[in-house]
Structure formats: C-alpha cells, structure tokens
Amino acid sequence: MITDSIGNYLTSIRNAIQAQHKVVNVPSSNVKKEITKVLMDQGYILNYKFMTEGNKESIKIALKYNSVTNVSAIKGLKRVSTPGLRKYSSSSDLPRVLNGLGIAVVSTSKGIMTDKKARKMNIGGEIICHVY
C-alpha cells in the first residue's frame with residue numbers, strides 16, 4: 001500500500017481553507033518543511049511553526065486571508081507528481097502556472113524551490129505541486 005504524505009499535506013491545507021480555519025496542524029517531514037518554507041517565502045501563508053510533542057513532529061501553519069473580503073491567499077493547490085506517476089521536467093520545460101501568477105513547487109538536486117528559481121538556476125526536477 002502506497003500513501004501519499006505530500007498529497008495528504010496539501011489536502012489538509014485545502015480543507016482548512018474551505019472551512020476557513022485560521023490554523024492547521026499537519027504531520028511533519030523534511031519535504032513538508034521545505035514546501036512550507038517556500039509557501040511562506042512566496043506569501044501564500046502567514047506563518048508556520050515546527051512543533052514537537054513527545055516523539056511526534058508537526059507543522060502548525062497560520063493561513064493567510066484578506067482582512068476585508070476574508071478570501072484565502074491560496075486559491076488553488078494541486079498535486080502534480082504522485083507516487084504512482086512521477087512528473088519530471090527540465091529547466092526549459094518547467095510549467096508556468098497561470099502565466100506566472102502562480103508557482104510550481106519543484107524538487108531539484110539543489111533542494112525544493114519555485115519554478116522561477118529553478119529556471120534562473122537552470123536546473124529541472126520533479127514537479128511536486130501547483131499553487132495559485
């Protein structure tokens with residue numbers, strides 16, 4: 001049986017946004033930590049905190065909403081590469097999400113980064129997800 005922990009992470013965030021929660025707790029892993037840092041750097045989440053309770057690590061993510069309209073900064077969160085079907089791309093073929101308005105999170109040999117940064121560094125990799 002294959003479980004998709006990154007897919008579960010993205011679904012937890014998506015469900016919290018649908019329910020208009022301010023904070024969401026997700027189980028932690030190194031990949032999830034790096035994706036969370038990318039989301040923070042790009043302004044899609046308000047803040048995050050790595051927590052440890054006993055031997056279990058988790059990530060507490062504060063979601064970002066518009067104060068007037070109460071609309072989330074994240075409009076869409078889509079998993080691209082799955083355990084059953086990996087999607088790889090060279091630097092020249094990296095996708096542009098909504099013509100550059102969104103980001104593609106890419107796992108490269110230099111770490112997890114946005115598609116724009118990967119293009120700039122001229123490296124390709126596995127496309128993890130699209131965020132817009």
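Author: We shall go through strands, loops, a pocket and salt bridges in turn. This is a predicted model in which residues are numbered from 1 along each chain as its sequence is written. Local features need pLDDT of at least 70, side-chain atom pairs count only at pLDDT 80 or more, totals for chains, interfaces and linings use all residues, and side-chain values use heavy atoms, with hydrogens and water left out.

Reader: Let us begin with strand E6. Which strands are joined to E6 by bridges?

Author: E6 (103-108) is joined to E8 by 5 bridges, and the two run antiparallel. E6 is also joined to strand E7 (residues 111-114) by 4 bridges, again antiparallel. Strands (E, at least two residues) and helices (H or I, at least four) are DSSP runs, numbered from the N terminus. Two strands count as paired if DSSP finds at least two bridges between them.

Reader: Which residues stand opposite Val 106?

Author: In E8, Ile 127 stands opposite Val 106. In E7, Met 113 stands opposite Val 106.

Reader: And how many residues are in the hairpin that joins E6 to E7?

Author: The hairpin from E6 to E7 passes through 2 residues.

Reader: Why is E6 described as largely enclosed?

Author: Of the 6 residues of E6, 5 are buried, so the rest of the structure largely encloses this strand. Buried means under 20% relative accessible area, exposed means over 50%, and partly exposed lies in between, with a 1.4 Å probe and protein chains only.

Reader: Now the loops. Which residues have a positive phi although they are not glycine?

Author: Leu 98 has a positive phi of about 50°, and Asn 122 has one of about 60°. This deserves a remark because most residues other than glycine have a negative phi.

Reader: Where do Leu 98 and Asn 122 lie?

Author: Leu 98 is in the loop between strand E5 (88-89) and strand E6. Asn 122 is in the loop between helix H3 (115-121) and strand E8 (125-131). Asn 122 is exposed, with a relative accessible area of 58%.

Reader: Which nonpolar patch does Leu 98 belong to?

Author: Leu 98 forms a nonpolar patch on the surface with Leu 101 and Tyr 132, and together they have about 330 Å² of accessible area. Leu 101 lies in the loop between E5 and E6 and is exposed at 71% relative accessibility. Patches are made of residues with over 30% relative accessible area and no salt bridge; like charges are joined within 9 Å, and nonpolar side chains (Val, Leu, Ile, Met, Phe, Trp, Tyr) within 5 Å. Accessible areas come from the Shrake-Rupley method with a 1.4 Å probe, and for residues only the protein chains shown count as cover.

Reader: What about pockets? Which residues line the largest pocket?

Author: The lining consists of Glu 34, Lys 37, Val 38, Asp 41, Gln 42, Ile 112, Met 113, Thr 114 and Lys 117. Helix H2 (30-41) and E7 are the elements that give two or more residues to this lining. H2 gives the most, with 4 residues.

Reader: Which salt bridge is formed by Glu 34?

Author: The side chains of Glu 34 and Lys 37 meet in a salt bridge, at 3.5 Å from N to O. A salt bridge is a side-chain nitrogen of Lys or Arg within 4 Å of a carboxyl oxygen of Asp or Glu. Both residues lie in helix H2, 3 residues apart, about one turn of the helix. Glu 34 is partly exposed at 31% relative accessibility, and Lys 37 is partly exposed at 31% as well.

Reader: How many salt bridges are found in the whole structure?

Author: The search finds 5 salt bridges. One of them joins Glu 57 and Lys 33, whose closest N and O atoms are 3.2 Å apart. Glu 57 lies in strand E3 and Lys 33 in helix H2, so this pair ties together parts that are 24 residues apart in sequence. Glu 57 is partly exposed at 42% relative accessibility, whereas Lys 33 is buried at 18%.

Reader: Which residue forms a salt bridge with Arg 119?

Author: Arg 119 pairs with Asp 115, and the closest N and O atoms are 3.3 Å apart. Asp 115 is buried at 2% relative accessibility, while Arg 119 is partly exposed at 22%.

Conventions. 1 Å grid on protein atoms, 1.4 Å probe; cavity = no way out; pocket = protein on both sides within 12 Å on 5 of 7 lines; lining within 4 Å.
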